[in-house]
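Trainee: Can you walk me through reading this one? I'd like to begin with the ligand.

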Amino acid sequence: MPGKQRSFTKITQITKADSLIREALSLQPVPAIYILEVTNRCDMECTFCLNPKFKPKSQDMTMKLFNKIMRESIKYGAREKIFFTAHKGEPLLNSGIIEMLSLAKKFARKVHLDTNGLSLNPSLSKDIIQTGLDSIAFGLDGACQETYESLRRGSSFKKVVENIKNLVELKNKAKSNIQVIIRVINGVVKRKEISQIKKAWSGIVDTVQETKDDRKIWKNKKIFPCLSPWSIMMINPEGDVYICFMAGDPNRVVGNINKKSIRELWRGSDLNYLRDRHLKNRFENLQLCQNCNYRQSKHSLDFSFL
Ligand code: SF4
């Protein structure tokens, strides 16, 4: 009886993390979360951008490829989230963006768009709101023109601020539920200025998010399980699938959507090897994961920040 009592206590003590891990480790036929790079083109030259490092061919994702991703990913059940990233290019520069957002919204539970906001005119804002998009995040690294334009070269602080405020006004008029987020990169922008950004935008946008200070995470040295290989697929404009969303590197591609199905790539040997290493907690041949900050952040458990 005391033994039974102990195991009962153990079961009731299962943490949220445990249940998330168990759920995610049962490999689904296709990923639940898609991170899409719909273009490699950009209208800014930010000092911290990854694009110059990898020098990708300037290209937009075609509607044909986007439709293929949508069709295949829905075949095996509902998608959790589609995330239009501004990782290596500005998504609003893809002329098919409104059609893509509308289509994504038809099937996924949540659709999110990252943008630098420079090319967001009033007509585009209206169209975006009408797609039913769940959230939009603007990269606004600076509380003033001087900081912002020194980091986001080729941009205009005045114009971007005007564009964000205009979208918020249209959102309020339309009584839309779209979440408007300002994102600031901690480390790129000084702490004092982040506080000024938060103050300036409080009551205007829904949230001001700052990316985590990696140095603090490293200091803790606490390792969390990473669920990315069981839940996320990142695809570039050409249809290349990266081994992980942290590896936007052309050398870390596991295959191409134009040649293989999402299901084949998701169940392929490269991703299975990655999963195996994670399950065995062995990263000696996997430098990518060895030094990854996500294993040292609670985000690695649920990716709810995406
Ligand atoms: S540990 Fe980092 S690099 Fe490795 S799979 Fe997870 S998110 Fe990707």
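Mentor: A residue is near a molecule or strand if its C-beta atom, placed from the backbone, lies within 6 Å of it. This is a predicted model: local features need pLDDT of at least 70, side-chain atom pairs count only at pLDDT 80 or more, and totals for chains, interfaces and linings use all residues. Residues are numbered from 1 along each chain as its sequence is written.

Trainee: Which residues surround the ligand?

Mentor: C226, S228, P229, C244, M246, L288, C289, C292, Y294 and R295. Helices (H or I, at least four residues) and strands (E, at least two) are DSSP runs, numbered from the N terminus.

Trainee: Which residues of helix α5 are buried?

Mentor: First, the general idea: an α-helix has 3.6 residues a turn, so residues three or four places apart point the same way. Buried means 20 or more other C-beta atoms within 10 Å of the residue's own, with C-beta atoms placed from the backbone. In α5 (residues 97-107), I97, M100, L101 and A104 are buried. They cover an arc of only 95° around the axis (taken from the directions from the helix axis to the C-beta atoms), which puts them on the same side of α5.

Trainee: And how do I read strand β9?

Mentor: In a regular strand the side chains alternate between the two faces of the sheet. Both faces of β9 (residues 232-235) are covered, with I232 and M234 buried on one side and M233 and I235 buried on the other.

Key:
A residue is buried if 20 or more other C-beta atoms lie within 10 Å of its own, exposed if 12 or fewer, and partly exposed in between; C-beta atoms are placed from the backbone.
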